[in-house]
Amino acid sequence: MKQAEPPSIIPCSRPLHFQIGKDSRGNWVVQDDRGLRGGLFVDRAQALRFAMFENGNRPQAVVMVPGVFELDLNRNAPPLNSNMPADRKVA
């Protein structure tokens, strides 16, 4: 009896990159470049820990932003499945 191969894991088309900076209220902000993940943190260490965990522990994918960096909650994230039928897509 043949054993079936395990399902392949399809990686994201592009790994996430994160920006870290301070907002106008002194909170540390983390946000990925696609607007999918992020948050507010009390200190830099926690912000960096989150970004490193979310990007697979890749320090080259984390950028410190100088000046004021506000968390953008209004940014529209790209659709997760662009093959979805047009009548099912959210505008």
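Asn-57 sits in the loop between H1 and E4, where helices (H or I, at least four residues) and strands (E, at least two) are DSSP runs, numbered from the N terminus. This is a predicted model, in which local features need pLDDT of at least 70, side-chain atom pairs count only at pLDDT 80 or more, and totals for chains, interfaces and linings use all residues. Residues are numbered from 1 along each chain as its sequence is written, and side-chain values use heavy atoms, with hydrogens and water left out.

Asn-57 has a positive phi, near 60°, in a residue other than glycine. With a relative accessible area of 56%, Asn-57 is exposed; buried means under 20% relative accessible area, exposed over 50%, and partly exposed in between (1.4 Å probe, protein chains only). In sequence Gln-60 and His-17 are 43 residues apart, yet C-alpha to C-alpha the gap in space is 8.5 Å.

Now for the sheet. Four strands make up an open sheet in the order E3-E2-E1-E4, with mixed pairing; two strands pair if DSSP finds at least two bridges between them. E3 and E4 are the edge strands, each pairing on one side only. On average, neighbouring strands of this sheet are turned by 20° against each other, direction ignored. Axes here are lines fitted to C-alpha atoms, for helices over the stretch in contact, and angles run from 0 to 180 degrees between N-to-C directions.

Strand E2 (residues 28–32) and E3 run antiparallel and are joined by four bridges. Val-29 has Leu-40 in E3 as its bridge partner, and Trp-28 stands opposite Phe-41 in E3. The two strands form a hairpin with five residues between them, and Gly-35 in the turn has a positive phi of about 75°.

What about the helix? H1 lies across E1, E2, E3 and E4, running at about 170° to E1. Its buried residues are Ala-47, Ala-51 and Met-52. They cover an arc of only 130° around the axis, so they end up on the same side of H1; the arc is that of the directions from the helix axis to the C-beta atoms. These buried residues pack against E1, E2, E3 and E4, contact meaning heavy atoms within 4.5 Å. The face of H1 turned away from its buried side carries the exposed residues Arg-49 and Phe-53.

The largest nonpolar core holds ten residues: Leu-16, Phe-18, Ile-20, Trp-28, Val-30, Phe-41, Ala-47, Ala-51, Met-52 and Val-62. Such a core is a set of buried Ala, Val, Leu, Ile, Met, Phe, Trp, Tyr and Cys residues joined through side-chain atoms within 4.5 Å. Strand E1 (18–22), E2 and H1 are the elements that give two or more residues to this core, and H1 gives the most, with three. Not counting residues up to four places away in sequence, the residues that Val-30 touches include Phe-18, Ile-20, Phe-41, Ala-47 and Ala-51.
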